[in-house]
Amino acid sequence: MSLRIAIGGDHAGFEYKQMILKWLQEQNFQTADFGPYTSDSVDYPDTAHPLAQAIEDKKYDLGILICGSGNGVCMTANKHQGIRAGLAWNKEVVELIRMHNDANVMCLPARFITADQALDFAKIFINTEFEGGRHATRVGKISC
């Protein structure tokens, strides 16, 4: 069974979202687009909260959120108890948020990375497994 991947963001991340969504669909992943659906200005919580809730509800396995700095969507997603959202700006960080933190949402800073990087990061995020072990103990301590 292929992974179920949700994607969303705000107007600053719209173009990257569209590009990544197209690639995900070409790879036959089950996807959900939480918006925005145009490049018109939107408030990132309006897409980040529903995406995070869908992952918490186990409707999707992983999420990708994209806004200008990546911080707004990351802060919003992390308000949800079952979400471990990580801000990713290079390949090593993408690998580590999956391997060590079991991140289920990756947040991308569209204004600070290229389109090629955004797509590479999505591929790494999806294909990197959680290592477990000592990291599982630490991840277990994240929730309050």
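F125 lies in helix α5 of this predicted model. The residue is buried, its relative accessible area being 0%, which falls under the 20% limit. Leaving aside neighbours within four places in sequence, F125 is in contact with L62, G63, I64, V94, I97, R98, A103, N104, V105 and M106. The C-alpha atoms of F125 and R84 are separated by 13 Å, and the two residues are 41 residues apart along the chain.

F125 also takes part in the packing of two helices. In that contact, K91, V94, E95, I97 and R98 of α4 meet D120, F121, I124 and F125 of α5. By class, the contact has 5 nonpolar, no polar and 4 charged residues. The angle between α4 and α5 is about 25°; angles under 35 degrees count as roughly parallel, and α4 and α5 are therefore roughly parallel to each other. The crossing of α4 past α5 is right-handed, and their axes lie 9 Å apart.

The largest nonpolar core has 27 residues, and F125 is one of those with the most contacts inside it, along with I20, I64, I66, M106 and L108. Elements giving two or more residues to this core are β1, α1, β3, α4, β5 and α5. Of these, α5 gives the most, with 7 residues. Apart from this core lies another, which includes A6, L51, Y60 and A85.

| Core | Size | Residues named |
|---|---|---|
| Largest nonpolar core | 27 residues | most contacts inside: I20, I64, I66, M106, L108, F125 |
| Another core | 18 residues | among them A6, L51, Y60, A85 |

Conventions
Residues are numbered from 1 along each chain as its sequence is written. This is a predicted model: local features need pLDDT of at least 70, side-chain atom pairs count only at pLDDT 80 or more; totals for chains, interfaces and linings use all residues. Side-chain values use heavy atoms; hydrogens and water are left out. Axes are lines fitted to C-alpha atoms, for helices over the stretch in contact, and angles run from 0 to 180 degrees between N-to-C directions. Helices (H or I, at least four residues) and strands (E, at least two) are DSSP runs, numbered from the N terminus. Angles under 35 degrees count as roughly parallel, over 145 as roughly antiparallel, 65 to 115 as roughly perpendicular and the rest as oblique. A crossing is left-handed if the near helix is turned anticlockwise from the far one by less than a right angle, and right-handed if clockwise. Contact means heavy atoms within 4.5 Å. Ala, Val, Leu, Ile, Met, Phe, Trp, Tyr, Cys and Pro count as nonpolar, Asp, Glu, Lys and Arg as charged, and the others, Gly among them, as polar. Buried means under 20% relative accessible area, exposed over 50%, partly exposed in between (1.4 Å probe, protein chains only). A nonpolar core is a set of buried Ala, Val, Leu, Ile, Met, Phe, Trp, Tyr and Cys residues joined through side-chain atoms within 4.5 Å.
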